[in-house]
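This briefing looks at a sheet, a helix and a ligand site, taking each in turn. Please keep the sequence and the structure in view while reading.

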Amino acid sequence: MAGIAIRHVEKSFGRAQVIHGIDLEVRDGELVVLVGPSGCGKSTLLRMIAGLEGVTGGEIAIGDTVVNDLPPRARDIAMVFQDYALYPHKSVYDNMAFGLRMRGSPKAEIDTRVNEAAEILQIGHLLDRRPGQLSGGQRQRVAMGRAIVRRPKVFLFDEPLSNLDAQLRGEVRVEIKKLHQRFGTTIVYVTHDQVEAMTLADRIAVLRGGRLEQFATPYDIYNRPASRFVASFMGSPPMTVVPAAISADGHHIALQDGTSLPIPEARRPTVQAASGRPVALGLRPEHVRPGEARDAGDVAVDARVEVIEPLGSETLTWLTIGGRSMTGRFPPEQAVQPGQTVRVTLAMSRMHLFDGETGAAIAA
Amino acid sequence: MSTIESTLAPVAPPKARAKPGLSPIDRDERRLGFALLAPAFLLLFGVVVYPIVDLVVTSFQLNNLAQPWMGTPFVGLENYGRAMSDDRFWEATFHTGLYVLVTVPGAVVVGLGLALLANQPFRVKWPVRLGLLLPWALPLVFAGLIFRWFFEYTQGLVNNALLMVGLPAQAWLTDPTLAFIAICIAIVWKTSSFVALVLLAGLQTIPRSLYEAAEIDGAGKLAQFWEITLPMLRPAIVVALIFRTITAIQTFDIPFAMTNGGPGNSTETLAMYIHKTTIDFLDLGYGSALAVLMFIVSAILTAGYLRYTRRDPSARGH
Ligand SMILES: Nc1ncnc2c1ncn2[C@@H]1O[C@H](COP(=O)(O)OP(=O)(O)OP(=O)(O)O)[C@@H](O)[C@H]1O
Ligand SMILES: [Mg+2]
């Protein structure tokens with residue numbers, strides 16, 4: 001068991017630099033999820049930890065060992081690939097046994113460990129089959145089985161669930177969480193599914209364009225996003241972010257069409273510094289509710305309903321407020337119709353403010 | 001096109017009528033289908049079926065252009081009987097077998113090596129590709145002539161090289177064993193590039209992630225070759241083996257150009273003997289019988305390979 005230290009790691013392919021100096025400290029036994037849009041360098045970073053890609057600059061340590069120059073097999077890691085990368089010509093048993101066999105483990109021990117892993121993953125009845133004779137979900141389990149039989153220091157997952165249908169994805173997600181709780185092994189997990197990120201992670205690292213945007217617990221990522229990018233990347237539907245300006249006294253925030261919203265007392269000191277500068281106002285859909293203001297800091301405004309999306313447990317409602325589109329979560333019994341004008345409450349005490357130029361959060 | 005359609009039209013409808021469920025549209029489709037297939041069938045018949053039938057028929061005849069007054073009477077299995085007691089036929093068969101045994105594995109091993117080499121991520125790819133394609137694109141007789149010149153006693157490259165390092169020159173093309181070796185080298189050189197192309201295509205279908213998984217699993221380069229490359233390449237190897245074996249059974253051009261079967265008949269193959277029998281001795285009947293025998297051997301070997309490939313997939317557990 002070991003943590004992972006990533007110290008100012010850089011990576012270039014030819015002249016194109018794709019990782020621009022990332023620092024990340026994964027604690028022993030922690031499950032860290034790397035998220036970010038396509039092409040932001042998640043896989044590249046993971047593959048550098050695995051040793052499948054060299055690092056161009058900086059240092060990676062697993063436990064106390066700097067592994068920059070160690071080949072993958074010497075790093076004591078296991079990886080689950082997006083396409084599973086099972087050996088098609090080997091049986092499930094041989095797939096799982098391969099890593100131990102290559103390391104010269106005794107036959108009896110291999111047998112015990114493979115059967116144990118197969119039992120945990122409930123694939124004991126599939127041991128004689130070839131990967132080609134398995135369903136997607138079963139293949140996924142075999143890929144995980146191959147990783148856990150070796151009991152490595154670190155598990156690396158690269159979008160392991162992206163080839164499964166939604167229901168199976170949910171099931172396997174729970175399974176991965178159970179495995180983590182059972183073995184307590186350090187895991188680095190790449191996904192661009194934010195539900196996976198939120199549900200699995202001890203901490204989430206949000207990457208953007210080869211840089212670390214924020215590294216924090218799921219709670220903080222969601223409730224205290226460090227930037228406008230993180231705020232709109234995590235959360236579904238995403239946070240509404242609209243351009244705005246703060247009055248000189250820091251008491252009001254004005255939307256572009258002139259609509260002026262009062263800023264709750266508690267937030268005024270921190271936002272005043274930003275007065276006079278362009279800012280962006282962010283509100284999560286759950287903080288845009290139907291009806292009149294109830295709590296301190298709430299502001300009621302008139303909004304026009306554009307589109308509704310009934311989801312059963314709630315109705316997502318696209319509204320026009322202050323000339324801008326915003327999203328609200330309405331209770332399902334709240335019957336609104338497109339074209340209607342309704343009274344909507346904005347929970348201003350929960351608002352997020354971002355610098356209009358850099359996108360950095362203005363401290364809450 | 002119209003003649004084909006009119007000749008085929010009477011054939012198609014009865015078949016269509018035999019299936020009561022067929023709608024008029026389906027029947028039209030079917031007729032069109034036959035009409036469109038007809039040219040291909042005719043061509044196939046003209047260049048494959050007819051010559052084979054003619055060959056088999058001729059093999060049962062006495063048909064010797066040197067003795068036109070004898071006519072072409074049917075003689076039953078006489079030509080085949082003659083082959084069974086013909087020493088030169090057995091020798092040629094033996095030589096052919098030797099060529100198969102040496103040059104088929106030889107070409108597959110060398111071809112595999114070339115394919116692995118060509119599959120490396122070279123910065124400049126064209127020299128490798130050219131090196132692969134050139135022997136393949138070269139006509140067989142050319143290859144034979146080139147190697148004849150290589151192995152020539154006084155001027156040849158090989159003997160010059162031997163002399164340069166202080167070794168005696170060898171009578172490459174006039175000593176039976178050396179001639180056989182020289183011919184095998186030429187054949188392997190000429191044919192391994194085709195094998196390499198087939199195997200290279202196979203290599204490129206192996207996903208890179210398998211090697212990465214194996215690397216993480218602790219497999220070194222050699223283990224990766226044995227555990228992944230070779231088993232994954234098996235189907236491609238079988239295809240290469242089939243093609244190479246069939247062409248090896250028919251080995252003709254290279255020994256023809258290098259030694260013309262000599263010294264004596266020591267490097268003569270079955271195909272060369274058939275050629276001599278029909279073209280030099282004008283004995284079409286006997287030559288045809290020999291050709292039929294060669295065809296049967298090819299067919300049996302190919303069937304064997306195919307059975308081997310079909311038997312494979314889930315048969316081997318751990
Ligand atoms: N072998 C390579 N050669 C050149 N560029 C590469 C290579 N591998 C990745 N890249 C580039 O590096 C950047 C990051 O790629 P990476 O695969 O890490 O993205 P990702 O975050 O995993 O994206 P996705 O979510 O689509 O998997 C991309 O711009 C990609 O084009
Ligand atoms: Mg990726």
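A polar contact is a pair of N or O atoms within 3.5 Å. The model shown here is predicted, and in it a backbone N or O atom of Gly39(A) lies 2.8 Å from an oxygen atom of ligand 1.

**The ligand site**
- A backbone N or O atom of Gly41(A) lies 3.0 Å from an oxygen atom of ligand 1, while for Thr44(A) a polar side-chain atom is found 2.5 Å from an oxygen atom of the ligand.
- Ligand 1 taken alone exposes 630 Å², and the protein buries 58% of that area.
- The residues around ligand 1 include Phe13(A), Val18(A), Lys42(A), Ser43(A), Glu159(A) and His192(A).
- By type, the residues of this shell divide into four that are nonpolar, six that are polar and two that are charged.
- Helix α1(A) gives the largest share of the shell around ligand 1, namely three residues.

**The sheet and its helix**
- Four strands of chain A form an open sheet in the order β2-β1-β4-β5, and their pairing is antiparallel.
- The edge strands, each of which pairs on one side only, are β2 (16–26) and β5 (65–66) of chain A.
- Strand β1 (residues 4–13) and strand β4 (residues 57–62) of chain A run antiparallel and are joined by five bridges; Ile6(A) has Ile60(A) in β4(A) as its bridge partner.
- Helix α1 (residues 42–50) of chain A packs on the sheet, where it touches β1, β2 and β4 of chain A, and its direction makes about 115 degrees with that of β1(A).

How values were computed:
Residues are numbered from 1 along each chain as its sequence is written. Chains are lettered from A and ligands numbered from 1 in the order in which they are written. This is a predicted model: local features need pLDDT of at least 70, side-chain atom pairs count only at pLDDT 80 or more; totals for chains, interfaces and linings use all residues. Side-chain values use heavy atoms; hydrogens and water are left out. Two strands pair if DSSP finds at least two bridges between them. Helices (H or I, at least four residues) and strands (E, at least two) are DSSP runs, numbered from the N terminus. Contact means heavy atoms within 4.5 Å. Axes are lines fitted to C-alpha atoms, for helices over the stretch in contact, and angles run from 0 to 180 degrees between N-to-C directions. A residue is near a molecule or strand if one of its heavy atoms lies within 4 Å of it. A polar contact is a pair of N or O atoms within 3.5 Å; within protein, one must be able to donate a hydrogen and the other to accept it, and residues adjacent in sequence count only if both atoms are side-chain atoms. Accessible areas come from the Shrake-Rupley method with a 1.4 Å probe; for residues, only the protein chains shown count as cover. Ala, Val, Leu, Ile, Met, Phe, Trp, Tyr, Cys and Pro count as nonpolar, Asp, Glu, Lys and Arg as charged, and the others, Gly among them, as polar.
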